[in-house]
Amino acid sequence: MICEFNLSSVHFCSYDVQMFLRSQVMIYAIREIKLPNITIGYDIYDTCGDVSLAVRATLELLNNQSDPQSCLLPSEAQMKVVIGERYSEVSIAVARIVALSSVAQISYASTSKFLSDRFKFPTFLRTVPSDKYQTRGIVELVKTFLWQTVIIVGSDDEYGLFGSDSLEDTFSQDTNICVEFVQILSADFMTNNSQTQTELTELLEKIKNSSAEAIILFTKDTNAEIILEAAIRHKVNRTWIASDAWSSSPKISAMPDIKLAGEVFGFIFKQKEVPGFKDHVMSMFNGTENALLKDYLTQNPLCSNQSVEGRKKCLASYIDQDESYRIYLAVQVIGEGLRRLLKCDTHQCEHSSKFTASEVQ
């Protein structure tokens, strides 16, 4: 038996449909791994996308890795792999901790180029390219449209800071493109308080008074949502460039009157459908027991006021082919790594399932 632990924002802090589906594709992908006489278990910890909670969850993982109740494994079992986190700043905190135990960590969404430093993060892997390539792409987009002036809005975290710095540095090497200003959102920008409102008002006022031809939002989807909602409300119609963190956000694309905010150009990763996952999601309503689904539908009215057939189609329509496939790929990488490590064919595995976490890398 092998226990595979996952860090992910599941549902306790937010009942967002995407968070629910991310947890489901992880479970689905793990169950798809077929190794002779090997059972792969998992624990899912809700980090809420918060660094402090992620650190606490990681320490709990390390502390409980010999707990016989964890994954229902024997007492000699050890944590082998961590999947996650989604946000770069959370992955960085987790990577520093799990590296001490040589535990491999595979992120499906953290793109900060800071994480590419193998000396600082020796056990970190990911199924998504670093922001180094994305920032180059954004600069090429600006050049393609012959825009002369841009605004960069980042956030006070590793993703936003490194992305904004990289963009500013790249633009500075091209004398034909001017960065009018760089605005870094405060760490608690998502918090709906007077400080956030003041910061938001000041940002929109600066954008209104600017001559920039495009505003680059290199920040989390939650921050982008707040800014665009305000832009719609205050009739700020501009051209926006979306980083990967929010470019494919169904919540933002479904925002009422989103067209009033202006044109949005975004960068997304290559999309691919997870084999069989759509059918799996639709089969959840066929009477099989699923505690996460039951809990989700209890807390979230989305899809719940429809017929069974309507619920199936509704929930399946929210599958994010981009991120879901990267999660699936992360699990498949682990499965293939185990297959090679244990020298398994369709009938047996030559090696014992007792191995150290560092051997999985």
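What follows is a short tour of the sheets, a helix and the nonpolar cores. Keep in mind that this is a predicted model.

**The five-stranded sheet**

Let's begin with an open sheet of five strands, ordered β7-β6-β8-β9-β10, with parallel pairing. Strands in a sheet are held together by backbone hydrogen bonds, in either a parallel or an antiparallel way. At the edges sit β7 (178-185) and β10, each of which pairs on one side only. On average, neighbouring strands here are turned by 20 degrees against each other, direction ignored.

| Helix | Strands it lies across | Angle |
|---|---|---|
| α4 (residues 131-144) | β6, β8, β9 and β10 | about 170 degrees to β8 |
| α6 (residues 194-208) | β6, β7, β8 and β9 | about 170 degrees to β7 |

**A closer look at α4**

Several of its residues are buried, including Asp 131, Gln 134, Ile 138 and Leu 141. Among the elements covering the buried residues of α4 are β6 (149-155), α5 (158-172) and β8 (214-218). After α4 comes Leu 146, with a positive phi near 60 degrees.

**Strands β3, β4 and β5**

Elsewhere, β3 and β4 pair in the parallel sense over three bridges. To get from β3 to β4, the chain passes through helix α3 (residues 88-98), making a right-handed β-α-β crossover. β4 also pairs with β5 (residues 124-126), again parallel and over three bridges. Gln 105 is a handy landmark: Val 82 stands opposite it in β4, and its bridge partner in β5 is Phe 124. In β4, Ala 104 and Ile 106 point one way, Gln 105 and Ser 107 point the other way, and all are buried.

**The nonpolar cores**

Which residues have the most contacts inside the largest nonpolar core? They are Val 281 and Leu 315, in a core of 38 residues. Elements giving two or more residues to this core include α1 (17-32), β3 (81-83) and α12 (321-341). The largest share, eight residues, comes from α1. Leaving out residues up to four places away in sequence, Val 281 touches Leu 21, Leu 315, Ala 316 and Ile 319. There's also a second, separate core of 26 residues, with Leu 200 and Trp 240 among them.

Notes. Residues numbered from 1 in each chain as written. Predicted model: local features only at pLDDT ≥ 70, side-chain atom pairs only at ≥ 80, totals over all residues. Heavy atoms only, no water. Helix = DSSP H or I, 4+ residues; strand = E, 2+ residues; numbered from the N terminus. Expected span 1.5 Å × (residues − 1). Buried < 20%, exposed > 50% of the residue type's maximum accessible area, 1.4 Å probe, protein only. Contact = heavy atoms within 4.5 Å. Core = buried A, V, L, I, M, F, W, Y, C linked by side-chain atoms within 4.5 Å. Pairing = 2+ DSSP bridges. Right-handed = clockwise from strand over helix to strand, strands pointing away. Axes fitted to C-alpha atoms, helices over the stretch in contact; angles between N-to-C directions.
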